[in-house]
Amino acid sequence: SPAFVVYIGKSAELVAGILLTIGLFTRLASLVLIATMLYIAFYVGSGKIWYEDQHPFLFVLLGLVFFFSGSGKWSVDEWLQRKEK
C-alpha cells in the first residue's frame, strides 16, 4: 500500500538521521539514507536531479560522503572502538 511505503520511508529517514547525528552505525545509516533518497529522487520524483529533484539527490551525495569518510573522532562508534581496546 502507498501509505505504508510513505511511513517506512519517513521512519527510515528519521532513524538514519538520528544515527548519523550521534555517530552510531554511521555507514549502515548512510546506506539506508542513500537508498531512501534514491527511491525518492528517481521513483517518486521524475529523476531530473539537476533541475527539480535536486534536494534528494544532494542527500544521496552527502550519504556517500558519510559512507566513505566514516563517523569521525567524536562519535559513539569511535568511543565504542576505544572502549574495546
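Predicted model: local features only at pLDDT ≥ 70, side-chain atom pairs only at ≥ 80, totals over all residues.
**View 1. Residue classes in the lining of the largest pocket.** The residues are Val5, Val6, Ile8, Gly9, Lys10, Glu13, Ala35, Thr36, Tyr39, Ile40 and Val44. The space in this pocket comes to about 190 Å³.

View 2. Which helix gives the largest share of the lining? Helix H1 does, with six residues. H1 spans residues 2-22. H2 also takes part: H1 and H2 each supply at least two lining residues.

**View 3. Helix H2 packed with helix H3.** H2 covers residues 26-44, and H3 covers residues 54-69. Their axes lie 8 Å apart. The packing angle is about 160°. Angles over 145 degrees count as roughly antiparallel, so H2 and H3 are roughly antiparallel to each other. The crossing of H2 past H3 is left-handed.

**View 4. Residues where H2 meets H3.** On the H2 side, the contact includes Thr26, Arg27, Ser30, Leu31, Leu33, Ile34, Met37, Leu38, Ile40, Ala41 and Phe42. On the H3 side are Pro56, Phe57, Phe59, Val60, Gly63, Leu64, Phe66, Phe67, Phe68 and Ser69. How many of the contact residues are nonpolar, polar and charged? The contact has 16 nonpolar residues, four polar ones and one charged one.

View 5. Ile40 is one of the residues lining the largest pocket. Ile40 is also among the H2 residues that meet H3.

Methods
Residues numbered from 1 in each chain as written. Heavy atoms only, no water. Axes fitted to C-alpha atoms, helices over the stretch in contact; angles between N-to-C directions. Helix = DSSP H or I, 4+ residues; strand = E, 2+ residues; numbered from the N terminus. Parallel < 35°, antiparallel > 145°, perpendicular 65-115°, else oblique. Left-handed = near helix turned anticlockwise from the far one by under 90°. Contact = heavy atoms within 4.5 Å. Nonpolar A, V, L, I, M, F, W, Y, C, P; charged D, E, K, R; others polar. 1 Å grid on protein atoms, 1.4 Å probe; cavity = no way out; pocket = protein on both sides within 12 Å on 5 of 7 lines; lining within 4 Å. Points joined across faces, edges and corners; volume = space filled by probe spheres on them.
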